[in-house]
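Please look through the sequence and the structure shown below before reading on. The report then takes up a few parts of the fold in turn.

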Amino acid sequence: MLVRRFYDDRLAQASFLIGCQQTGDAIVIDPARDIAPYLEAARNEGVRIAHVSETHIHADFVSGTRELAHATGATVHLSGAGGADWQYRYPASDQVSLLQPDDVITLGRVTLRVLHTPGHTPEHIAFVVTDRARSLEPVAIVSGDFLFVGDVGRPDLLEVAAGVAGTKEASARSLFHSLQQLAALPDHLQVWPGHGAGSACGKALGSLPSSTLGYERLTGWAFQASDEAAFVAAVLEGQPTPPPYFAHMKHVNRDGAELLGNAAPAMLAFADLAAARRDGTLLDIRPIAAYQQQHLRGTISIPLRQSLTKWAGWLIPYDRPLYLIADDAAAAVQAQRALAAIGLDRVAGVFGVDALRDAAVAGETESGRRVTILDAARLQHGGTVIIDVREDDEWSHGHISAAVHHPLGTLMTTMAGFDRATPVAVHCQGGTRSAIAASVLDAMGFGDVTDLSGGWKEWQRKVSPA
């Protein structure tokens, strides 16, 4: 049996290529939208991607199932479980096989048996993998968002993200009963989950790439719950707020994502800037220092780093064209792929260094204002409002006296009613989120914005040490 794991650090998302080395048949489960790594791996390993599947209708990224199937001619296998309320609606032209509990996908000597594991979503399935060349005992379970290392999939997303009211408690009960199905499976079974630490699909995911069922039974909190009621209360408590794009993803993946293709975004000139400002959103993906030194007025800064997709999903609208400001075409292509992973497909063009230089000559650029957080008290005495953009749990563990709390993800909404003439200064834990927040407030029309570098970490260290 051949197994390859692929991991997207930005999304904390795992996918798997599993194949039979004797026959050369392979399946990819939960593929990301960028299918190049799967095609390359199949070529290198000498296997043919004959099947593509996914464990459920994803909320946190755009599935690459359709993209990969169209590129390879593979048969698509989707869950047929879950009832009529939330079913896949792929185009009739796609080669789709609907899977039911205990169905088996055969890849030469390798088999994948379907388990219906509702709870995270009603249609969720997992695959019990057996390498019959070695044993008739199963070797692993591809658990998707049902069972993680140290956690289980959150059961509240249909309600809090997709707006299906009154479903989270019923889903939590379904998840409890899905876990009971695992009692018949052996302790040695490897657990290959769909996410790792950092994903919003659970609240306490471990960072290890895999585990065993026996170890999860021994250490996982979900297996220690005394009864169904205790499990339901525990699994619903303390779940993180999902980004708003999750609701959009559910519908995109239910209906089948549009095929992406490989077209790179066009490089634009300064002459195109006025139309871009009028019709779209400007996103600066350059490093924070470059943005602070000089940037186009009214642009949002989210640097091209691991958190790009997370904050773009919170802050960038889906219904407008998106224009990038980038140091070079390669960075723009990398950002385009990262944004496409969460369905931000409308990248209409890129403004590079030449356009930025011409904008500076025309007086269309400005510099950011950044001072140390140790200046917060001075600014506050001068009438500046200090805004803490950290998450709720960070705020509850300590904050600057008289600061106001507006988490970065919802900043555009919660600050919408503020007087744009009010001087504001923003800080976070270490300095990255506050730089993004300062750009958001600038784009919203606030005329006096200061980024407080160093963040709460520096404040604790210098002003209020423990």
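What follows describes a sheet and its helices, then a pocket, and finally a single residue, all in a predicted model.

Six strands form an open sheet in the order 1-2-3-4-5-6, and their pairing is mixed. At its edges are strand 1 (2–8) and strand 6 (96–99), each of which pairs on one side only. From one strand to the next, the twist averages 25 degrees. Strand 1 is joined to strand 2 (residues 13–19) over seven bridges in the antiparallel sense, and within this pairing Leu2 stands opposite Gly19 of strand 2.

| Helix | Residues | Strands touched | Angle |
|---|---|---|---|
| Helix 1 | 36–45 | strand 1, strand 2, strand 3 (25–29) and strand 4 (48–53) | about 155 degrees with strand 1 |

Which residues of helix 2 are buried? They are Thr65, Arg66, Glu67, Leu68 and Ala69, and these buried residues pack against helix 1 as well as against strand 3, strand 4 and strand 5. After helix 2 comes Gly73, which has a positive phi, near 80 degrees.

**The largest pocket**

Rolling a probe the size of a water molecule over the atoms shows where empty space is left. The largest pocket of this model has a volume of about 930 Å³, and its lining is made up of 31 residues, with Gly198, Ala200, Pro240, Lys310 and Glu391 lying nearest the centre. Sorted by class, this lining holds twelve nonpolar, ten polar and nine charged residues. Helix 7 (245–255), helix 10 (308–315) and helix 14 (392–396) each contribute at least two residues to the lining, and the largest share, four residues, comes from helix 10.

Glu458 belongs to helix 17, which covers residues 455–462. Is Glu458 buried or exposed? With a relative accessible area of 18%, Glu458 counts as buried, because the term is used for values under 20%. If residues up to four places away in sequence are left out of the count, Glu458 touches Ile373 and Val463.

Conventions:
Residues numbered from 1 in each chain as written. Predicted model: local features only at pLDDT ≥ 70, side-chain atom pairs only at ≥ 80, totals over all residues. Heavy atoms only, no water. 1 Å grid on protein atoms, 1.4 Å probe; cavity = no way out; pocket = protein on both sides within 12 Å on 5 of 7 lines; lining within 4 Å. Points joined across faces, edges and corners; volume = space filled by probe spheres on them. Nonpolar A, V, L, I, M, F, W, Y, C, P; charged D, E, K, R; others polar. Pairing = 2+ DSSP bridges. Axes fitted to C-alpha atoms, helices over the stretch in contact; angles between N-to-C directions. Contact = heavy atoms within 4.5 Å. Buried < 20%, exposed > 50% of the residue type's maximum accessible area, 1.4 Å probe, protein only.
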